[in-house]
Structure formats: structure tokens, C-alpha cells
Amino acid sequence: MTVKAGRRAATATTPQRQEVWEAIRKQPERFTVDDLVARSGANRKTVQDYLRCLLPGGVIQAEGGDNYSLIDDRGYHAPRLNRAGQPVSQGAGVENMWRSMRGLTEFSPRDISAHSTTPDVRVSEPTAKAYCFMLLKTGYLRVIKKAEPMAGRQAIYRLVRNSGPKPPQIQRIKQVFDPNTGAVHVPGDQS
């Protein structure tokens, strides 16, 4: 069963920092909080909180008054920084696994673990296996070759629901929220 998440649920689950970042990059010199609110559609508090992360991270600088300028354009993806300006790695493993699934034709959890681990982010094989299992149960993956546990072979999967660049998020209540579509998928969902 697929449920379209309401606007409130989607907004609460998906941060608007990407939209704010895109607004900053469109007008990198002399922008204000009001400019970013108008161009991004994000609320004022979201914009202010994000600027408080970008300032100590050396991405933007204060120009006096309420004006700011971009001094370190880090590309398309919004920098993920905490209030101290330090990089945030939470969720990076899921992002790496999703990116790997989108790039590989067929894969096992072991493949996903290997392709998703970087010097800064470690994705364990059990984590990759759990993510694959939940995506299989909600219709994102299809089994190409069944596992043979006695022979030590894992299942081979193929991504069949490539909904976009943002990784589907497994929620505590054992459902998957897809930030690309705003839909919620529950186990057994093949739509």
C-alpha cells in the first residue's frame, strides 16, 4: 500500500536546506534572510538556522547588517554542517548505499557495503543487508538470484523503483518514506 504523505509530514521529514542552498548559489553576493525565504520557499527559522551552520563552516561570511555573501561554493549538494560548522555524517551511509544501488546493475548486500564505504563513512554488511531487505519488501528491489546461505552466497538484487536522487528512508515504524515522491511504502507494497 502506497500512501502519499501530506505536506506537513513531508516538510517535517525532509529538510529544506537544499532549496536554501540553491537560492544562495543563484545570488551569491549580498543576500539576506528575507531574500532566501522569498527565493527558496523555506520558512525564516530554517533559513536562519542553516546560515548559523554555514557561517562557522566558512561557507558564507557576514557583510554587515543582515547581508551575507557566499565565499566557498561547494557544488550542487547543500553542505551538511552542524552549528559548529563541522560536517555531519549522519545519514551518509544511506546516501552512499542508495547512490551505489542506482549505479550498479545488479548487486548483493556485500557489494553495496563495499561500494558505499569511504574513508569517512563505514557501511557494514549487516547494515547493507537490512537496507536491501526493507527496500525489497517495499518494492524498490527485485531478487535476480536467490541467496544460498549454505554455500555462503547472498541474494543478488536489481533496483526496479529508481525514484530519484534522495535515498528512501527506513522509519522506525517499519515503513519507507521516499523524499523524492513524498510517498510512504509499507512492507508488501509493490506499487
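**A guided reading**

At a relative accessibility of 45%, R30 counts as partly exposed, a class that lies between buried (under 20% relative accessible area) and exposed (over 50%), with a 1.4 Å probe and protein chains only. R30 is placed in the loop between α2 (17-26) and α3 (33-40), where helices (H or I, at least four residues) and strands (E, at least two) are DSSP runs numbered from the N terminus. Although R30 is not a glycine, its phi is positive, at about 55 degrees. Most residues other than glycine have a negative phi. K174, also not a glycine, has a positive phi of about 60 degrees; K174 lies in the loop between β6 (169-171) and β7 (175-178) and is exposed, with a relative accessible area of 55%.

This is a predicted model, in which local features need pLDDT of at least 70 and side-chain atom pairs count only at pLDDT 80 or more, while totals for chains, interfaces and linings use all residues. Residues are numbered from 1 along each chain as its sequence is written, and side-chain values use heavy atoms, with hydrogens and water left out. The mean pLDDT (the predictor's confidence in each residue, from 0 to 100) is 88 for the chain, and 91% of its residues reach 70 or more.

Neighbours within four places in sequence aside, L135 is in contact (heavy atoms within 4.5 Å) with W98, M101, Y140, L141, P168 and V176.

Another residue to look at is S113, which is placed in helix α6 (residues 109-116) and is buried, with a relative accessible area of 11%. Not counting residues up to four places away in sequence, S113 touches V123, S124, E125 and A128.
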